[in-house]
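Please look through the model with these notes beside you. They are written as numbered points, so that each can be checked against the picture in turn.

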Amino acid sequence: MTSQAWLPVFRAIAAEIRATIPPLAGTPAAREEIGLGAGGDRTIYLDQLAEDIVVRHLEQAYRSGLRFRLISEELGERDFGGEPLVLADPLDGSFNAKMGLPYYAVVLAFTEGDRISDVRLGYVQNLVTGDEYHAIAGAGAFYRGEPLRPAPAAFDGRSIPLVQFDAPSGVEPRERAAPIFAHAEKVRQLGSAALNLCHTAAGGVALQVTPAPVRSFDLAGPLLILREAGGTATDFGGGSVDSVSVRLDARTTLLASLSRQIHAYALELLRVRVS
Ligand SMILES: [Mg+2]
């Protein structure tokens, strides 16, 4: 089964989640906490609703002959009779959705192994705008179904136009990123790791900075989109993330940019500080 065969399945999932979640975002029901997901985050009502849609579509895909194993944020792993993995974060940026802030997405990936470099299809849809990003390994990145033509941010060799920062609360990750902040014109903390990487791939985010380890599961599909768009991603120390596991218990730091120069400059800023 080729990765392209999964694209219509992922699109059907995204369409139904998009019809279901945005009308509820920001409402009291949306904020209800109903347990703890397999990924360790609190499950809110919206997460569960979105995951139920994913599972229903995948049961249908199984009945039509597809064989795979699902890893999803709330339920963990479920066997659908095959080795390839389908990764699902049915609602990335669910805190934004809960609070009614319009920046959240459905994130899906198909992978032939359990490492980041094994991902064959990455799919992200902004559930508010409908903006769709996907990438097929070796065949490019796409925006709304057309080849993504990214516009790298202009870089003068000194200041980074827009830095997007992700970290759990606390001072320590901010301190680690401080040498980069000191050379950033603008800093954002938007709240959906997947959308942030899509905007990195499109060039709107000049540098994505994730100084404390986060779940690599959420990043796997979006990292393929960045890579196929021509971007660069490493961990915070400059090491490869290719062999990082995509399973729910694996974590990594991240430094990502469409521009090799900006990425190299950020690593240099961090090294200067360490020495
Ligand atoms: Mg989620």
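1. Leaving aside its neighbours within four places in sequence, which residues is L85 in contact with? The partners are F68, R69, I71, T111, D114 and V246, where two residues are in contact if their C-beta atoms, placed from the backbone, lie within 7 Å. L85 lies in strand β4 (residues 76–92), helices (H or I, at least four residues) and strands (E, at least two) being DSSP runs numbered from the N terminus. L85 is buried, with 23 other C-beta atoms within 10 Å; a residue is called buried if 20 or more other C-beta atoms, placed from the backbone, lie within 10 Å of its own, exposed if 12 or fewer, and partly exposed in between. Between L85 and L70, which are 15 residues apart in sequence, the C-alpha to C-alpha distance is 5.8 Å.

2. Before going further, please keep in mind that this is a predicted model, in which local features need pLDDT of at least 70 and side-chain atom pairs count only at pLDDT 80 or more, while totals for chains, interfaces and linings use all residues. Residues are numbered from 1 along each chain as its sequence is written.

3. The model contains an open sheet of five strands, in the order β11-β10-β12-β14-β13, with mixed pairing; two strands pair if DSSP finds at least two bridges between them. Because β11 (184–188) and β13 (232–234) stand at the edges and have a single partner strand each, one side of each is left without a neighbour in the sheet. From one strand to the next, the twist averages 20°. As background, strands of a sheet pair through backbone hydrogen bonds, either parallel or antiparallel.

4. Within this sheet, strand β12 (residues 207–215) pairs with strand β14 (residues 251–257) in the antiparallel sense, over five bridges. V209 has L255 of β14 as its bridge partner, and T210 stands opposite L254 in β14. On β13, three bridges join the strand to β14, and the two run antiparallel; here the bridge partner of T232 is S257 in β14. Six of the seven residues of β14 are buried, so this strand is largely enclosed by the rest of the structure.

5. Helix α5 (residues 193–202) packs on the sheet, where it touches β10 (160–165), β12 and β14, and its direction makes about 150° with that of β12; axes are lines fitted to C-alpha atoms, for helices over the stretch in contact, and angles run from 0 to 180 degrees between N-to-C directions. Is α5 mostly covered or mostly uncovered? It is mostly covered, with ten of its ten residues buried, among them L195, C198 and H199. The residue that follows α5 is G203, whose phi is positive, near 95°.

6. The axes of α5 and helix α6 (residues 220–228) come within 8 Å and cross at roughly 5°. The two helices are therefore roughly parallel to each other, given that angles under 35 degrees count as roughly parallel, over 145 as roughly antiparallel, 65 to 115 as roughly perpendicular and the rest as oblique. In this contact, A194, L197, C198, T200 and A201 of α5 meet P222, L223, I225 and L226 of α6. By class, the contact of α5 with α6 has eight nonpolar, one polar and no charged residues, where Ala, Val, Leu, Ile, Met, Phe, Trp, Tyr, Cys and Pro count as nonpolar, Asp, Glu, Lys and Arg as charged, and the others, Gly among them, as polar.

7. Another helix pair deserves a look: the axes of helix α1 (residues 6–20) and helix α2 (residues 45–63) come within 10 Å and cross at roughly 150°, which makes α1 roughly antiparallel to α2. The residues that make the contact include V9, I13 and I17 of α1 and L49, I53 and V54 of α2. By class, the contact of α1 with α2 has nine nonpolar, two polar and one charged residues.

8. S169, in the loop between β10 and α4 (172–181), is exposed, with 6 other C-beta atoms within 10 Å. P23, found in the loop between α1 and β1 (33–36), is also exposed, with 9 other C-beta atoms within 10 Å. The C-alpha atoms of P23 and D79, which are 56 residues apart along the chain, are separated by 32 Å.
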